[in-house]
Protein chains: 2
Amino acid sequence: MELKPLKGTRDFLPEEMIIRQEVLDRIKNVFEIFGFQPLETPALESWEVLSAKGAGGEEILKETYNFEDLGKKRVGLRYDLTVPLARVVASNPNLNLPFKRYQIQNVWRYGDVSKGRLREFLQADIDIVGSESMLADAEVIACAISCFNSLGFKDFLVRLNNRKILSALIKFAGIEEKKSLEVLRSLDKLEKIGEEKVRKELEEKGIPKESINKIFELINVRKNPEKILEKNEDFEEGMKEVNEIISYLELMGVKAKIKIDLSLARGLDYYTGPIFEVSAEKGIGSIAGGGRYDNLIEIFSGRKIPATGISLGIERIIEVMKERKMIKERKTKVDVFVAAISKEVLKKSLEIIQKLRESGIKTDFDLRERNLTRQLEYANSLGVPFVLIIGEKELKTKKFKLRDMVKKVEKEMELGEGIKFLKKNSEKL
Amino acid sequence: MELKPLKGTRDFLPEEMIIRQEVLDRIKNVFEIFGFQPLETPALESWEVLSAKGAGGEEILKETYNFEDLGKKRVGLRYDLTVPLARVVASNPNLNLPFKRYQIQNVWRYGDVSKGRLREFLQADIDIVGSESMLADAEVIACAISCFNSLGFKDFLVRLNNRKILSALIKFAGIEEKKSLEVLRSLDKLEKIGEEKVRKELEEKGIPKESINKIFELINVRKNPEKILEKNEDFEEGMKEVNEIISYLELMGVKAKIKIDLSLARGLDYYTGPIFEVSAEKGIGSIAGGGRYDNLIEIFSGRKIPATGISLGIERIIEVMKERKMIKERKTKVDVFVAAISKEVLKKSLEIIQKLRESGIKTDFDLRERNLTRQLEYANSLGVPFVLIIGEKELKTKKFKLRDMVKKVEKEMELGEGIKFLKKNSEKL
């Protein structure tokens, strides 16, 4: 029988989980400091919701797990956290707006594992529903950067663009509107696969060579694209919005380089306004991305409600933090292992173990009737920092040996002293 | 379009999520104090693993979501956290044993929603793998009770039985072994549906009336069943184990009534030894259950590895805590809402907001250009405890009005003072 988890999915053993918990705790804390409130939605959504026109789009539906449930209803595993949010807002008309929510949950996409893509992965999203102000866009970007600060990342680059600018660009290039999303999806790959391959892809999609040339003419003009796109309303509005976001980020004192990048496109269908990506130090690449989607909720509710948000790429972030040793690795969270020298002594030590635990000290003990040496080996292999050694004598004198497993020294102390010492030590971790 | 979540699944809006997070944080903390380490596994498992003989069993497979994925592989959503744990242990032969892990994740079962059953629900499991000592069983029970203590539950009853005792009982009743799991599944419903209905179910399963009478003869003899089952080896071993668990629980100082209950059966196939359920105050019913499963891991690894564990019924626990008002309800975690009297003032206040946030204070502000009254209404409807009011004058004098939204009083203070005050207040929550 195949015992490994399914392709593209992973088991997270304690060593890995301890890192993930630490990262998520810090992110969650920053989300809350910025006033975002928690939300969770079910893993399964109706196919009707997932495939609604204007939601994720056909590219992503091709990768979406879907099936008939036991009641013959077509359902699917969510591919993102934005479409479920839109459904929640639509189905709760009395929600206080603006609704600032965070959501940290898995999403599923049946992607190509040979390209290192995961099929179950964690997303951490923040969104602001019910504000059309560019201040909301600035707020989600600032919050994302604050998360990365708190994790120890440095040198941020925020790349900004606007679907309105891209729309102007596509019109300028003489491309028909129904092809525009296809073109954006190709453009989105520019940084990854380079201009030549994007040009080829666009040709294959039937875009005339002339139009492709025009697109790249504009994108490559790093300065003053407004000279080419003179007096285009969409372009001007898009630029105005993006510049407004930049000015808010400056007022907020966000420490980041900010760049308008006309090639930034983002893959999902639902964006309507500013789009953004955050990257950190060189070699790390994009670690967060998002944008404004003012029409998505209307698809579900019939009522126009503006919204904007950003998603943190948790798997990438953790991978980088491990590679760069930005986070301390531990195999266990246990503070102290109680080693009794015999089964009889262990029985009498259960009360002491109980006392340690009642004091909030993470305490483990032997469950395999091993001798003292083997118990110490076990504690050592797990990286438990301290071992409390108890024998007949210790039970009588009520003085115990506390062994520091790193410094390899022992100190005798009473239980109360030991508890104080261990508590202080545990807080330092 | 249907906007509610799929039948049997739920959206958790902030008010609900804040309660869930609080409950789970406390439980997680107790798990860690008892030395359990975190583990997570994927939602999807291969059908081969889920349906392995000796795992969950046919009853549960009937309710298991399963389908062919896009690569034509049959997969399913996990129905519990124990089978995935067994797979993980089998696929990691170098794991340090005993392996004490906790796992808090959703499971999915396509159950009857008209009976109030959920189709996506959270389980919080602790298991000890690699110890055959009854001390391990006592440890998981003690840890569960400690969780409930920390949540404010009282008056615990631990009901204990042993699959070995049940096996003796079934033999005594003259029932063929291949029918034994079916009989146990019916017996398991005794407390819920009563003796009469269980008798009827057993008759329908083709169990002779005489055998049924014998079963109930034994179960109803609350005292001295050993007189009837004299010199039965399985029975004696089962009783010995159960009594050993009881003596350990007493040594640990667990404050709970403990009762041997021969009708306790537990629904899952994989149990082999002691089985247990914990209930709290009258009217609450079972809130945790589990048992020993010494053969489950062998199914996957070929190597016999004993294991025992307990699962906390999180949904039931939260439901009861809400009903009994055991937990404070809050709509938001925000500590302070910054209300600026105009857009211009808000722009100049962004720096102040940043300072509050850098001090760890959960801070929100207006994103809809509302007037002061409307901002106060919004903060009030969300239950934000304090509002910091900023106008042109306040920006100049650097003295701000901090409004206590509960007491409805305002106090003027400098930002530094305000930060100190809010921090102190936030820690109290």
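## Close-up views of a predicted model

**View 1. Burial and overall extent of chain A.** In this predicted model, 46% of the 429 residues of chain A count as buried. Chain A contains 16 helices and 16 strands, and its C-alpha atoms fill a box of roughly 90 × 55 × 45 Å along the principal axes. Taking the contacts in chain A between residues at least 6 apart in sequence, 68% join residues at least 24 apart.

**View 2. The side of chain B that touches chain A.** Here 75 residues of chain B are in contact with 75 residues of chain A. Helix H1 of chain B, residues 14–33, supplies six residues, the largest share of this side of chain B. By residue class, the side of chain B that touches chain A consists of 37 nonpolar, 18 polar and 20 charged residues.

**View 3. A five-stranded open sheet in chain B.** The strand order is S13-S12-S14-S15-S16 in chain B, and the pairing is mixed. Strand S13 (363–365) and strand S16 (409–414) of chain B form the edges, each pairing on one side only. From one strand to the next, the twist averages 30°.

**View 4. Strands S14 and S15 of chain B.** Strand S14 (residues 386–390) and strand S15 (residues 399–404) of chain B run antiparallel and are joined by four bridges. Phe386(B) has Asp404(B) in S15(B) as its bridge partner.

**View 5. Helix H13 of chain B on the sheet.** Helix H13 (residues 343–358) of chain B packs on the sheet, where it touches strand S12 (336–340), S13 and S14 of chain B. The direction of helix H13 makes about 160° with that of S12(B).

How values were computed:
Residues are numbered from 1 along each chain as its sequence is written. Chains are lettered from A and ligands numbered from 1 in the order in which they are written. This is a predicted model: local features need pLDDT of at least 70, side-chain atom pairs count only at pLDDT 80 or more; totals for chains, interfaces and linings use all residues. Helices (H or I, at least four residues) and strands (E, at least two) are DSSP runs, numbered from the N terminus. A residue is buried if 20 or more other C-beta atoms lie within 10 Å of its own, exposed if 12 or fewer, and partly exposed in between; C-beta atoms are placed from the backbone. Two residues are in contact if their C-beta atoms, placed from the backbone, lie within 7 Å. Ala, Val, Leu, Ile, Met, Phe, Trp, Tyr, Cys and Pro count as nonpolar, Asp, Glu, Lys and Arg as charged, and the others, Gly among them, as polar. Two strands pair if DSSP finds at least two bridges between them. Axes are lines fitted to C-alpha atoms, for helices over the stretch in contact, and angles run from 0 to 180 degrees between N-to-C directions.
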